[in-house]
Amino acid sequence: MSPPFPLPHPPRASTKTGDEVPAEDASKMVKSVRKLDPEGTKREILRAARAEFAEKGFSGARIDEIGARTKTAKRMIYYYFGNKEGLYIAALEQAYSEIRALERTLELDDLSADDALCRMIDFTFDYEQANVEFVRLISCENMNYARYMKDSKKIREVNSNIIEAIEKILDRGYLDGSFTRHAPPEDVHFMISALCFYRVSNQYTFSEIFGCDLAAPDTSARHKNMIRNAIRSYLRSTEDHD
């Protein structure tokens, strides 16, 4: 399987202390990499990086901490990812790639439009509730105004799949009469993401203010059904009400 990002050329000497691997060490590192499992090492680094960035944000995260979590030399991390920004972008790419890959296993084409929509909603709800780290990481990048994400073509490419999948569901729904409102697939994705994402990203403040546990099984089941019904009702309506 191809790596999720190109392996950089052997690093050259840099005048920026700590940003790149010194030239004299490059050949030694290349030999060392060949003796290891480079793809496995990169995956471990990215898992640790996602946890570090999700917990502390881009500014607060430290490469030293990521290296300590994986017992990887700091220079090796720079060898694979270039610098801190490169590592952060790769972590975002991996996070989006994983959820989009799982969505492709849902076999939505085998279901009716209504059932496919419900399966998509259920998956998003369950995934985000079980993967708080994903929600925190995306929240961190929103706090950065998507500054780093703009440098990644891959993130836009992998996320186009979800829009295509929803568009196919909607088209089937229009044909069989399940849906009557012609909504852009981006709007439907926005509704699903917003409702599922918020209850995870704001669970602590919401729970503290209103004295409820959003993660409680009965509350989760009720909210999942509520989100299903809200989006389906919207697609079955024909007019906006003032």
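At the start of helix H8, a side-chain oxygen of Ser 152 comes to within 3.4 Å of the backbone nitrogen of Lys 154, where helices are DSSP runs of H or I with at least four residues, strands are runs of E with at least two, and both are numbered from the N terminus. The model is predicted, so local features need pLDDT of at least 70 and side-chain atom pairs count only at pLDDT 80 or more, whereas totals for chains, interfaces and linings use all residues. Residues are numbered from 1 along each chain as its sequence is written, and side-chain values use heavy atoms, with hydrogens and water left out.

**Helix H8**

- Helix H8 covers residues 153–176, and its 24 residues should span 34 Å at 1.5 Å a residue, which agrees with the 36 Å between its end C-alpha atoms; the expected span is 1.5 Å times one less than the number of residues.
- Among the residues of H8 that are buried are Ile 155, Val 158, Asn 159, Ile 162, Ile 163 and Ile 166, and buried means under 20% relative accessible area, with exposed over 50% and partly exposed in between, for a 1.4 Å probe and protein chains only.
- The cover over the buried residues of H8 includes helix H5 (84–103), helix H6 (113–130), helix H9 (185–201) and helix H11 (217–236).
- After H8 comes Gly 177, whose phi is positive, near 85°.

**Helices H2 and H7**

- Helix H2 (residues 38–60) and helix H7 (residues 132–143) pack at an angle of about 60°, and their axes are 8 Å apart.
- That angle makes H2 oblique to H7, because angles under 35 degrees count as roughly parallel, over 145 as roughly antiparallel, 65 to 115 as roughly perpendicular and the rest as oblique.
- From H2, the contact is made by Arg 50, Ala 51, Phe 53, Ala 54 and Gly 57, and from H7 by Glu 133, Arg 136, Leu 137 and Cys 140, with contact meaning heavy atoms within 4.5 Å.

**Thr 219 in helix H11**

- Thr 219 lies in helix H11, and Thr 219 is buried because its relative accessible area is 9%.
- Leaving aside neighbours within four places in sequence, Thr 219 is in contact with Arg 199, Asp 213 and Leu 214.

**The whole chain**

- The secondary structure of the protein chain comes to eleven helices and zero strands.
- Of the 242 residues of the protein chain, 44% count as buried.
- Among contacts between residues at least 6 apart in sequence, 69% join residues at least 24 apart.

How values were computed: A polar contact is a pair of N or O atoms within 3.5 Å; within protein, one must be able to donate a hydrogen and the other to accept it, and residues adjacent in sequence count only if both atoms are side-chain atoms. Axes are lines fitted to C-alpha atoms, for helices over the stretch in contact, and angles run from 0 to 180 degrees between N-to-C directions.
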